[in-house]
Amino acid sequence: MEEGLMDEQKAMAEAVKERYKELLSYSGRRKTHYDEEVNEEKERKHAERLAKKRDKQLEKSQKKLLEEDRQAWKQEYGSDASEEELPFFMQDASIRAAMKDKQKKKMKEEKKRAAQEAKKAGKKRKHSASSSESSSSDSESATESSSDSSAKKKKKKVKKSKDKKKKDRKGKDKKKKKHKK
């Protein structure tokens with residue numbers, strides 16, 4: 001009988017092992033196979049969502065790095081240093097060309113502003129000269145502004161005479177070239 005009990009125990013142990021293996025392999029799943037055709041659309045959408053998340057995280061990390069670089073730049077070169085300026089070794093030809101263009105535009109704008117301010121100042125002087133002739137202290141400023149305007153007139157005359165001389169030379173040179181032909 002003892003042998004019979006041992007055989008029964010061994011059989012029970014084997015049955016338990018098989019049942020345990022079945023439970024592990026199936027683990028309560030209802031489907032035993034994966035249908036790719038049905039789930040293809042879900043997988044594609046899931047992959048797109050993951051890609052979007054990854055892109056957002058990359059953008060955030062890049063922004064964070066840029067901000068850290070700006071902070072380091074400010075600490076190294078001071079807060080008044082331009083953030084757009086790059087160290088020379090980091091610049092390529094296109095960046096340098098763009099910087100030169102930017103500088104030229106700034107210079108042109110500054111010249112335009114200066115010219116406009118000069119025109120406004122000239123108009124104010126003329127206006128103040130005509131209205132200030134009645135008082136003696138104002139008459140002194142009028143003589144100063146008239147002397148300024150007369151100096152400007154002299155400069156214009158000199159410039160015009162130089163331009164005329166250049167034109168005359170060009171005209172003579174053209175005539176000489178025609179005669180030589």
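**Salt bridges and a charged patch in a predicted model**

Q: In this predicted model, what makes the contact of Arg 19 with Glu 22 a salt bridge?
A: The closest N and O atoms of Arg 19 and Glu 22 are 3.5 Å apart. The cut-off is 4 Å between a side-chain nitrogen of Lys or Arg and a carboxyl oxygen of Asp or Glu, so the pair qualifies.

Q: Where do Arg 19 and Glu 22 sit relative to each other in helix α1?
A: They are 3 residues apart in helix α1, which covers residues 2–26, and so about one helical turn separates them.

Q: Why is Glu 22 called partly exposed?
A: Its relative accessibility is 39%. Partly exposed covers values between the 20% limit for buried and the 50% limit for exposed, so Glu 22 belongs in that class.

Q: What makes Glu 48 and Arg 44 a salt bridge?
A: Here the closest N and O atoms are 2.6 Å apart.

Q: Why do Glu 48 and Arg 44 count as partly exposed?
A: Glu 48 has a relative accessible area of 40%, and Arg 44 has 40% as well.

Q: Which residues are linked with Arg 44 in a network of salt bridges?
A: The network links Arg 44 with Glu 41 and Glu 48.

Q: What makes Glu 109 and Arg 113 a salt bridge?
A: Their closest N and O atoms are 3.7 Å apart, and because the limit is 4 Å, the pair counts. Both residues lie in helix α3 (residues 93–131), 4 residues apart, about one turn of the helix.

Q: Why are Glu 109 and Arg 113 described as partly exposed?
A: Glu 109 comes to 43% relative accessibility and Arg 113 to 47%. Exposed would require over 50%, and buried under 20%, so both are partly exposed.

Q: How many salt bridges does the rule give?
A: The count comes to 5.

Q: What makes the surface patch that includes Lys 156 positive?
A: The patch gathers lysines, among them Lys 152, Lys 160 and Lys 167.

Q: Why is Lys 156 called exposed?
A: Lys 156, placed in helix α4 (residues 136–180), has 56% relative accessibility. Exposed means over 50%, so the term applies.

Technical notes: Residues are numbered from 1 along each chain as its sequence is written. This is a predicted model: local features need pLDDT of at least 70, side-chain atom pairs count only at pLDDT 80 or more; totals for chains, interfaces and linings use all residues. Side-chain values use heavy atoms; hydrogens and water are left out. Helices (H or I, at least four residues) and strands (E, at least two) are DSSP runs, numbered from the N terminus. Buried means under 20% relative accessible area, exposed over 50%, partly exposed in between (1.4 Å probe, protein chains only). Patches are made of residues with over 30% relative accessible area and no salt bridge: like charges are joined within 9 Å, nonpolar side chains (Val, Leu, Ile, Met, Phe, Trp, Tyr) within 5 Å. Accessible areas come from the Shrake-Rupley method with a 1.4 Å probe; for residues, only the protein chains shown count as cover. Lys and Arg count as positive and Asp and Glu as negative; His and the chain ends are not counted. The place of a charge is taken as NZ of Lys, CZ of Arg, CG of Asp or CD of Glu.
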